[in-house]
Amino acid sequence: METATLKVFRFDPDKDKVPYYQDYEVPVEGTLLNALLYIKDNLDPTLSFRAFCRSEVCGSCAMKVNGKTKLACKTPMKELVETWKGKPLRIDPLDHLKVIRDLVVDIDKPIEKMKTLIPWLVPDPRVVPTDPMHESIIYPEELEAYKDQIHCMLCFSCYSACEAVEDYERYRGPFAFSRAYRFQVDRRDIETAKEKRIRYAISGGLWSCVQCQKCLYVCPKGVKPAEDIQNLRGQAVRKGFTDKPGAKKLKHYVDWIYATGQINRLYLPEEVYGNREAREKLTKAYEEMGVEVWEVPKPTKGLMKFRDIYLEILSKEEKALDLDFSHVRKIDKMVSDIFKADICTIVDRVHEEGKGGKLIEKLKGLFGGDNG
Amino acid sequence: MVKVGFYQGCCFQGQDAHMFETMKKTFKAIDVELVLLEETTCCGGNTIDEENRKLSYAINARNIALAEAKGLDMLISCNTCYMVIAKAKRAMDKNKKLREEINNLLKEEGLEYRGTNRIYHLLDFFRDVVGYDRIRKAVKRPLKGWKVAAYYGCHVLYPRETAVDNSDNPSSLQEILKALGAKVIDEYENKDACCGYHSFYTDKNMTLKKLDKILGSVREAGADIIATPCPLCFKSFDIYQTNMENPPGVPSSFLPELMAYAFGISKEESGLSHHLIKVEKD
């Protein structure tokens, strides 16, 4: 029978000064959980790990294999051996959690963190009948908005893999934001609670997520916390929480991409951090190299039609007013001042090969910086 | 000669136009013609998704449709552009209603998303279309004695649905670096940590902490330089590193630059000599 070596993290705080690894030879069949149970039954009854349902429902057997977070009952041994090409498989407890013993971790901290985001329904009396004899009906199309999030089983895979948890103590954790977002799109939940959740989400690190997408990768249930965090950020800005750098960055993207088809990295430091110096410094540095810096991106061919598509989608989603039209007009003016023509003419002329003459030359000039 | 549509995003124009020049030279050496998809726009940088996901899908369905209209597959270098556009493609392919709605809007420009082309990132393009052998054969100046730390960046490995390599144990970048003759350093402590590029304008402190960790462990592993296929990770390493209180001065490179250099193109022309953190190695 094919076998593999598991190097398992061992630590008993009552006996061990430091953790150590113990090797076990296990059959390559079934799942990683089967292998751990094999050890427990046949090789070493002292090994501790949590597991219960064996079928991806209870979420208690999450751990790390060669540094990557896995749910043991969902991970075939064969797949692990193939991925790691016969290398030993190092089994560790989840990251960012205190080890109680061997692979068993203390999950109290992330649970407490989650609770700060009000991950429960605060009923709106205008929607939810107070009379217990009446039901509060949810229609299938409403459920669509949070059908993935409700599958979170608190396995803490995402909490372990999270880049923001790693470097920011207060960060609530991917799953906590998903669980909060689930009520942000529930019609039965009262508006004041939704507002509070956003406030608490912001103080809990909403803008500190790095969008690495590891939470999407490790979630055994297909929840997409990084995307829910994006949704929450959008809600935060719409509810008027616009003072954070991240909110200003979002505004920059929404306005500049509409106006020119591109972001403008020369203006980002200024529009986000009020750092005008960054732009001036860069412009100067380029001028010293003999390169003229144009402060706007080359307008995309077909820009006016692109704008129509952009605005049409935003209108349909009832978000057209998220565009700051006075900002867009300012950008248009920058473009026409530089190229001595209005934006429509520029977009048309710029792409006529050979006819644009100097205009094309100008557009080949540089724009955009990248320093905060 | 293979022809492929090249999506530039924000990283290969304006201030960074030279990066596209490097790309063209690198690809010419391995017999690939890059056709610039000029009418494309910014992918939204995974930030437009915060405003509205459908808007992100529409922008990128348009970007893909522009390549389709030319009958070309699409090549993307930036990890984030790749992921955002690949996510849009998945949504358009899976959701018929969304596809109809967005195609209805694209009609105005005479465009249609059909889902007929492939989207490649540099890594799978080198592996599946070019082949490591052809890269090896194009090398004129092997990177002998270069100890290069392989750094993938997140958005080519996560999420699973759009990953271009085995997310847990990827190999394409190491294979390419080996083909260039370099000594690959692929075991260093923070090889899988995020480069912090995207939090620079949302939580700058986070970026600096990430850089500190990655660059520290790269140095500890004894690498001369980092190589990444993602222009954003590269910028984080080269440019944002200078924002650190005590920049460790670890040099980095955008993969096509290293390739250009190994293919015999001068250090100056490859772009390697224009970094803020000097690449001393020859």
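This is a predicted model: local features need pLDDT of at least 70, side-chain atom pairs count only at pLDDT 80 or more; totals for chains, interfaces and linings use all residues.
1. Confidence. Chain A has a mean pLDDT of 90, and 91% of its residues reach 70 or more. Residues 353–372 of chain A should be read with this in mind: their pLDDT stays under 50. For that stretch the model has 59 contacts beyond four places in sequence.

2. The sheet of chain A. Strands of a sheet pair through backbone hydrogen bonds, either parallel or antiparallel. In chain A, 5 strands make up an open sheet, and its pairing is mixed. Read across the sheet, the order is S2-S1-S5-S3-S4. Strand S2 (20–27) and strand S4 (68–71) are the edge strands, each pairing on one side only. Neighbouring strands are turned against each other by 35° on average, with direction ignored.

3. How the strands of chain A pair. S1(A) and S5(A) run parallel and are joined by 3 bridges. On the other hand, S3(A) runs antiparallel to S5(A), with 2 bridges between them. Strand S3 (residues 62–65) of chain A is also antiparallel to S4(A), and 4 bridges join that pair.

4. Residue partners in chain A. Which residue of S5(A) stands opposite A:Val8? The residue is A:Ile91. A:Ile91 is also the bridge partner of A:Val65. Further along the sheet, A:Met63 has A:Lys70 in S4(A) as its bridge partner.

5. A helix on the sheet of chain A. Helix H1 (residues 32–43) lies across strand S1 (3–10), S2, S3 and strand S5 (89–92) of chain A. The direction of H1 makes about 100° with that of S2(A).

6. The sheet of chain B. Chain B has an open sheet of 4 strands in the order S2-S1-S3-S4, and the pairing is parallel. Its edge strands are strand S2 (32–36) and strand S4 (119–121), each of which pairs on one side only. From one strand to the next, the twist averages 40°. Strand S1 (residues 2–7) of chain B pairs with S2(B) over 5 bridges, in the parallel sense. Within this pair, B:Gly5 stands opposite B:Val35. H4(B) packs on the sheet and touches S1, strand S3 (74–76) and S4 of chain B, at about 155° to the direction of S4(B).

7. The second largest pocket. How many residues line the second largest pocket? The lining has 48 residues, and those nearest the centre are A:Asn66, A:Gly67, A:Lys68, B:Lys191 and B:Asp192. Among the elements of chain A that give two or more residues to this lining are S4 and S5, while chain B contributes helix H8 (172–179) and helix H9 (204–220). By class, the lining residues are 16 nonpolar, 11 polar and 21 charged. The volume of this pocket is about 1200 Å³.

8. Rolling a probe the size of a water molecule over the atoms shows where empty space is left. The count comes to 7 cavities of 30 Å³ or more. The largest cavity holds about 180 Å³ of space. Its lining has 18 residues, with A:Tyr253, A:Ile263, B:Cys10, B:Tyr197 and B:Leu232 nearest the centre. Helix H11 (245–260) of chain A and helix H4 (79–94) of chain B each supply at least two residues of this lining. The lining of the largest cavity divides into 13 nonpolar, 3 polar and 2 charged residues.

Notes
Residues are numbered from 1 along each chain as its sequence is written. Chains are lettered from A and ligands numbered from 1 in the order in which they are written. Side-chain values use heavy atoms; hydrogens and water are left out. Two strands pair if DSSP finds at least two bridges between them. Axes are lines fitted to C-alpha atoms, for helices over the stretch in contact, and angles run from 0 to 180 degrees between N-to-C directions. Contact means heavy atoms within 4.5 Å. pLDDT is the predictor's confidence in each residue, from 0 to 100. On a 1 Å grid over the protein atoms alone, a cavity is a set of points where a 1.4 Å probe fits but cannot get out, and a pocket is an open set with protein on both sides within 12 Å along at least five of seven lines; lining residues have an atom within 4 Å of a point. Grid points are joined across faces, edges and corners, and a volume is the space filled by probe spheres set on the points. Ala, Val, Leu, Ile, Met, Phe, Trp, Tyr, Cys and Pro count as nonpolar, Asp, Glu, Lys and Arg as charged, and the others, Gly among them, as polar.
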